[in-house]
Amino acid sequence: MASSFDVLVFGSCIVDFISYVPRLPKIGETLHGTKFATGNGGKGANQCVAAARLGSRTAMIGKLGDDPWGMAYRKTLACEGVNVEQVDIVPGESTGIAQINVADNGDNQIVIVTGANRRLGPSEVERQPDVFERARILVCQLETPIEGTIAALQAFKGISIVNAAPAERNLPHSLLSLASIFCVNETEAALLTDMTTVSDVQQAKEALYKLRDMGCNTIIITLGEKGAVFADEKDYTNVYHVRPVKVEKVVDTTGAGDAFIGALAHFLAKHPDELLANCVAAANHVAAWSVQRPGTQSSFPRPGDVSIPTNLASFGNQWEYI
């Protein structure tokens with residue numbers, strides 16, 4: 001009998017080329033960097049690894065190029081415990097890459113070239129329907145073609161999370177309405193709702209209602225050092241603020257959002273009867289741990305690294321109604 005998965009990710013695999021700099025460069029400016037590193041990234045694979053490291057049984061549906069980067073990436077995912085049977089090496093395509101600058105204060109700039117990821121279309125859903133039937137949580141993002149993502153959401157019957165990043169204006173209504181949980185950060189929320197800024201809790205609350213009117217169900221807006229705000233589709237009269245986790249020193253924010261999404265999927269799969277507020281609070285702790293370490297996937301914790309109680313109800317003191 002085929003095994004089941006806690007978390008199935010339909011999304012991107014991208015190799016990161018990371019330059020560490022004193023500050024982010026201005027337009028047309030050349031800076032001396034202090035260090036260079038390569039690592040595995042892509043929002044889809046990042047979120048899958050984040051869930052796998054916490055103990056979820058995970059599977060990835062993705063595309064890599066037929067180059068040394070792609071072959072190595074597939075092996076690394078397998079070593080992380082991810083089921084890679086549906087991670088294809090695509091002849092004639094390059095592996096997706098990201099050029100990342102990370103400043104001393106933890107800020108970052110990222111440019112991606114998606115390469116083989118653009119081949120992740122509806123046909124990948126049609127040829128493996130059983131994979132979608134065997135998973136508890138589906139996670140998608142916007143680094144691969146939207147048509148494929150919509151097909152994946154249509155095929156899945158459980159709880160689905162769409163991380164609308166990188167954000168695009170005028171997203172199809174079907175993408176917004178099919179996702180059980182729609183998650184964006186403050187910048188993405190502002191772009192999607194045509195708000196000038198979403199920089200505090202009250203603005204995030206306003207953005208929540210705008211996204212609801214656009215067709216979204218449960219909505220989570222992450223606010224970095226200000227925590228997260230969300231509203232459950234069952235009761236939009238209650239909007240929740242999950243307070244932030246205090247961080248002594250931010251080292252690198254790259255991948256923090258992916259750590260949050262992967263952790264959220266993990267906690268939803270492992271604690272299906274738990275309040276969403278407590279799962280969001282637990283995911284906040286994982287993301288906070290990651291920003292205190294350099295790198296992307298390399299900064300994601302394992303169970304012994306971050307203190308998460310077995311009973312997530314203990315996080316009940318970390319959120320409030322607003």
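Modeller: Buried means under 20% relative accessible area, exposed means over 50%, and partly exposed covers what is in between. Please keep in mind that this is a predicted model.

Colleague: With those cut-offs, is R243 buried, exposed or partly exposed?

Modeller: The relative accessibility of R243 is 28%. Buried requires under 20% and exposed requires over 50%, so R243 counts as partly exposed.

Colleague: Which residue forms a salt bridge with R243, and where do the two partners lie?

Modeller: The closest N and O atoms of the pair are 3.4 Å apart, and a salt bridge calls for a side-chain nitrogen of Lys or Arg within 4 Å of a carboxyl oxygen of Asp or Glu. R243 sits in the loop between β13 (239-242) and α9, while its partner is in strand β14 (residues 319-321), 77 residues apart, and the pair thus links distant parts of the chain.

Colleague: How far apart are the closest N and O atoms in the salt bridge of K63 with D88?

Modeller: K63 and D88 are both buried. The salt bridge between K63 and D88 has its closest N and O atoms at 2.9 Å. Because K63 lies in strand β4 (residues 58-65) and D88 in strand β5 (residues 83-90), the pair ties together parts that are 25 residues apart in sequence. The separation asked for is therefore, with the 4 Å cut-off in mind, 2.9 Å.

Colleague: Which positions does UniProt give for the feature "binding site", and in which helix is N46 found?

Modeller: The unreviewed UniProt entry places this feature at I14, V15, D16, G42, K43, G44, A45, N46, E143 and D258. N46 has a relative accessibility of 3% and so counts as buried. Leaving aside neighbours within four places in sequence, N46 is in contact with N40, G41, D258, T296, Q297 and F300. The helix that holds N46 is α1 (residues 43-54).

Colleague: What is the relative accessible area of D258?

Modeller: D258 is found in helix α9 (residues 256-270). Not counting residues up to four places away in sequence, D258 touches K43, N46, Q47, A50, N163 and F300. D258 is buried, with a relative accessible area of 4%.

Colleague: What separates the C-alpha atoms of A135 and V9?

Modeller: A135 is found in strand β8 (residues 135-140), and at 13% relative accessibility A135 counts as buried. Not counting residues up to four places away in sequence, A135 touches F5, L8 and F156. Although A135 and V9 are 126 residues apart along the chain, their C-alpha atoms are separated by 9.6 Å.

Key: Residues numbered from 1 in each chain as written. Predicted model: local features only at pLDDT ≥ 70, side-chain atom pairs only at ≥ 80, totals over all residues. Heavy atoms only, no water. UniProt positions renumbered as here; feature names shortened; annotations may be inferred. Helix = DSSP H or I, 4+ residues; strand = E, 2+ residues; numbered from the N terminus. Buried < 20%, exposed > 50% of the residue type's maximum accessible area, 1.4 Å probe, protein only. Contact = heavy atoms within 4.5 Å.
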